[in-house]
Amino acid sequence: MRIDHIAVQVENIYEACEWYHCNFQANVVYFDETWALLEFENIKLALVLPNQHKNHIAVEVKPEKYPTLEFKQHRDGSKYHYLTDPWGNCVELIN
């Protein structure tokens, strides 16, 4: 398994994209006013609004290995399921 992305909350998606691009040369793969996806050499970073998503890590999985979980579909077609670890951290299972 591998970590697909880490999501962090920001107040302004456009300003955060600019900051991560200017300071770390992160490639902006997608952005709109509600979220963005940036790519580093070794991982992706999702920028999300506080009222829409929690901070989380996303682990790439095969949904069929989790038959008891209900996977939904993101706008980009990927399937996902959010769960909480025993310490209260949000983990997204994504394929």
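User: Which residues does T34 touch, not counting residues up to four places away in sequence?

Analyst: Contact means that heavy atoms lie within 4.5 Å, and by that rule T34 touches I13, L47, V48, L49, Q52 and R75, residues up to four places away in sequence being left out. This is a predicted model, in which local features need pLDDT of at least 70, side-chain atom pairs count only at pLDDT 80 or more, and totals for chains, interfaces and linings use all residues. Residues are numbered from 1 along each chain as its sequence is written, and side-chain values use heavy atoms, with hydrogens and water left out.

User: Where is the place of T34, and is T34 buried or exposed?

Analyst: A residue is called buried under 20% relative accessible area, exposed over 50%, and partly exposed in between, using a 1.4 Å probe and protein chains only. T34 has a relative accessible area of 16%, so T34 is buried, and its place is in the loop between β2 and β3. Such names follow DSSP runs numbered from the N terminus, with helices being H or I runs of at least four residues and strands being E runs of at least two.

User: How should I read helix α1, and what span should its twelve residues have?

Analyst: The expected span of a helix is 1.5 Å times one less than its number of residues. Helix α1 covers residues 13-24, so its twelve residues should span 16 Å, and this agrees with its end C-alpha atoms, which are 16 Å apart.

User: Which residues of α1 are buried, and which are exposed on the other side?

Analyst: The buried residues of α1 are I13, A16 and C17. Because they cover an arc of only 105° around the axis, they are on the same side of α1; the arc is that of the directions from the helix axis to the C-beta atoms. E15 and C22 are exposed on the other side of α1, while what covers the buried residues includes β2 (27-31), β3 (35-39) and β4 (44-48).

User: With which residues is V28 in contact, leaving aside its neighbours within four places in sequence?

Analyst: V28, whose place is in strand β2, is in contact with C17, L37 and L38 once those neighbours are left aside. V28 has a relative accessible area of 31%, so V28 counts as partly exposed.

User: How many salt bridges does a search of the whole structure find?

Analyst: Side chains of opposite charge can pair when their charged atoms come close. A salt bridge is a side-chain nitrogen of Lys or Arg within 4 Å of a carboxyl oxygen of Asp or Glu, and a search of the whole structure finds four of them. In one, R2 pairs with D4, the closest N and O atoms being 4.0 Å apart; R2 is partly exposed at 44% relative accessible area, whereas D4 is buried at 9% relative accessibility.

User: What does K44 form with D4, and which parts of the chain does the pair link?

Analyst: K44 forms a salt bridge with D4, with the closest N and O atoms 3.0 Å apart. This pair links distant parts of the chain, since K44 is in strand β4 and D4 in strand β1, 40 residues apart.

User: How far apart are the closest N and O atoms of R75 and D32?

Analyst: In the salt bridge of R75 with D32, those atoms are 3.8 Å apart. R75 lies in the loop between β6 (72-73) and β7 (79-84), and D32 in the loop between β2 and β3, 43 residues apart. R75 is exposed at 66% relative accessibility, whereas D32 is buried with a relative accessible area of 15%.
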